[in-house]
Amino acid sequence: MANVDSSVPLLLFVLLILTTSACSSAAATSPSHFQELNVEEAIAGTKLKPPKQAEDLEEEDGKWKVELVHRDKIIGAPSYKDHETRFNARMKRDVKRVASLLRLRRLNSNVYAEEKAPETGFESNVASFRLLNKSNNNNAYTEEKAQEDFGSDVVSGEGSGEYFVRIGVGSPATYQYVVIDSGSDIVWVQCQPCKQCYNQSDPIFNPAHSASYAGVSCSSAVCRQLDDAGCQEGRCRYEVSYGDGSYTKGTLALETITLGRTVIRNTAIGCGHWNQGMFVGAAGLLGLGAGPMSFVGQLGGQTGGAFGYCLLSRGAASSGYLQFGRQAMPLGAAWVPLVPNPFFPSFYYVALSGLGVGGSRLNVSEDLFSVTELGDGGAVMDTGTAVTRLPTLAYDAFRDAFVAQTTNLPRAPGVSIFDTCYDLNGFVTVRVPTVSFYFSGGQILTLPARNFLIPADDVGTFCFAFAPSPSGLSIIGNIQQEGIQISVDGANGFVGFGPNVC
């Protein structure tokens, strides 16, 4: 049992390594290839801090920058009796999230096949907006009929959401919590008149009280971006459904968004009049995907296609941030190339090439992480998925290598989606092997211990925070991204890790 002073900041153990060499040939037993996990600090972090007040978030915002908070830290978040219950709920959401991403991939593949056929009614880029056809040749289109015609053809992320920002909607600005999602190409909020809405922590946005609200006509450029652009009474309509059964349906509009001290006019948003889901008090969603209808895509030249973020959760006293613009691109980051996937252009695929444990790269084929000619496989950076998923062959080798170097730690039964857990009750700190991602070009990202060995309860059960993927898709989840400065330079095709921690 180690006795390192628990007051030593855990972030001292963060290793962000940028190298052009392959992998160190040093033995896995070298001390530099192990790090300390502060067990007591991690368990203490399962005790949630009081939620931030909304006015505090607004005051701390800067130009092109907003505070980013985990769902557990906002007013209106569900109350759980203990960390174990909260943890299991998070894992259930995560399973649904991954299922929804895989469903989206299947849908997009089907769309691509139909796009090749004549008379297709789909767009090859598979936008997250689905605009409705008229119900018949006349313009009669009742609200009841509109509800019936909404389907579930579009899947975009998953409805519950993990991280939230606070933005202003309309003129004057009505401040709302919204979920951020790097896998979605849509910005939407619940709107009055509300035909069907879930509870949110802020008053529902009323477009009648906004001087800048403008409905989008069928002949507008926004509508013309999409095929099959139907209308209701001359106005575009949208719908998005999520893997957990959540959905939003309503009118496409142009509106003013306030982000920190920056005002962005004429942003295309969905004004949702029919909404259902587990959005934990959020008013809607801020899509950060790579497509043209996402918030990042709409900002375009204003921010140079760049944004950065830092995710904090699990009891952290401070909050993370979301920032747009070239100023968010730091010097000294480990820059990893983005991999284009024309089948799924909204997602941020990175050039993951291998895995390492204890300073040694595993004998795992790079092909397991490659994007195939049909768009399958690859590795996606995703803010909405909690736990990193890896192809089964890669995961098994990864887990086995970690287990082989942690034989000194007492094991515990598996928990939820995790098959490798440890009983660390009574430990102050433990020594664990380093865990690393290898990328094309030689970059290596070595994770802090708290990003791969996480508490499943508040009595000392810790689990290896990776899981096998039900498909060939790898997903780098938000638990593995926590505390690391992430920069997305979509214009130049790179994602940066570090150099700072947060």
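**Disulfides**

I began with a search of the whole structure for disulfides (pairs of cysteine sulfur atoms within 2.5 Å), and the search finds three. As a reminder to myself, a disulfide is a covalent bond between the sulfur atoms of two cysteines.

Before going on, I noted that this is a predicted model, in which local features need pLDDT of at least 70 and side-chain atom pairs count only at pLDDT 80 or more, while totals for chains, interfaces and linings use all residues. Residues are numbered from 1 along each chain as its sequence is written, and side-chain values use heavy atoms, with hydrogens and water left out.

I looked up cysteine 191 and cysteine 271, whose sulfur atoms sit 1.9 Å apart in a disulfide. This pair links distant parts of the chain: cysteine 191 is in the loop between β6 (187-190) and β7 (214-215), cysteine 271 is in strand β11 (residues 262-276), and 80 residues separate them. The torsion about their S-S bond is about -115 degrees, so I wrote this disulfide down as left-handed. Are these two cysteines buried or exposed? Cysteine 191 and cysteine 271 are both buried, and here is the scale I used: buried means under 20% relative accessible area, exposed over 50%, and partly exposed in between (1.4 Å probe, protein chains only).

Cysteine 194 and cysteine 197 form another disulfide, with their sulfur atoms 1.4 Å apart. Cysteine 194 counts as partly exposed because its relative accessibility is 26%. Cysteine 197 is partly exposed too, at 27%.

Cysteine 421 is joined to cysteine 463 by a disulfide, 2.1 Å from S to S. Cysteine 421 belongs to strand β22 (residues 421-423) and cysteine 463 to strand β27 (residues 461-464), so this pair links distant parts of the chain, 42 residues apart. The torsion about the S-S bond of cysteine 421 and cysteine 463 is about 100 degrees, so this disulfide is right-handed. Cysteine 421 and cysteine 463 are buried.

**The sheet around β22 and β27**

Next I followed those strands into their sheet. In what order do the four strands lie? They form an open sheet in the order β21-β22-β27-β26, with antiparallel pairing; two strands pair if DSSP finds at least two bridges between them. At the edges I found β21 (411-412) and β26 (453-455), each pairing on one side only. β26 and β27 pair in the antiparallel sense over three bridges, and isoleucine 454 stands opposite cysteine 463 in β27.

I also checked what lies across this sheet. Helix α7 (residues 392-404) lies across β21, β22, β26 and β27, and runs at about 135 degrees to β27. For that angle, axes are lines fitted to C-alpha atoms, for helices over the stretch in contact, and angles run from 0 to 180 degrees between N-to-C directions.

**Salt bridges**

A search of the whole structure finds 12 salt bridges, each a side-chain nitrogen of Lys or Arg within 4 Å of a carboxyl oxygen of Asp or Glu.

Arginine 399 and aspartate 419 meet in one of them (3.0 Å, N to O). Arginine 399 is in helix α7 and aspartate 419 in the loop between β21 and β22, 20 residues apart. Arginine 399 counts as buried at 18% relative accessibility, whereas aspartate 419 is partly exposed at 36%.

I then turned to glutamate 482, which forms a salt bridge with arginine 90, the closest N and O atoms being 3.9 Å apart. Glutamate 482 lies in the loop between α8 (478-481) and β30 (484-489) and arginine 90 in helix α3 (residues 83-115), so the pair ties together parts that are 392 residues apart in sequence. Glutamate 482 and arginine 90 are buried. A network of salt bridges links Arg90, Arg93, Glu162 and Glu482.

Aspartate 94 and arginine 389 form a salt bridge at 2.6 Å, N to O. Aspartate 94 is in helix α3 and arginine 389 in strand β20 (residues 388-391), so parts 295 residues apart in sequence are tied together.

**The whole chain**

Last, I stepped back. The chain has eight helices and 31 strands; helices (H or I, at least four residues) and strands (E, at least two) are DSSP runs, numbered from the N terminus. Of its 502 residues, 58% count as buried.

Methods. Contact means heavy atoms within 4.5 Å.
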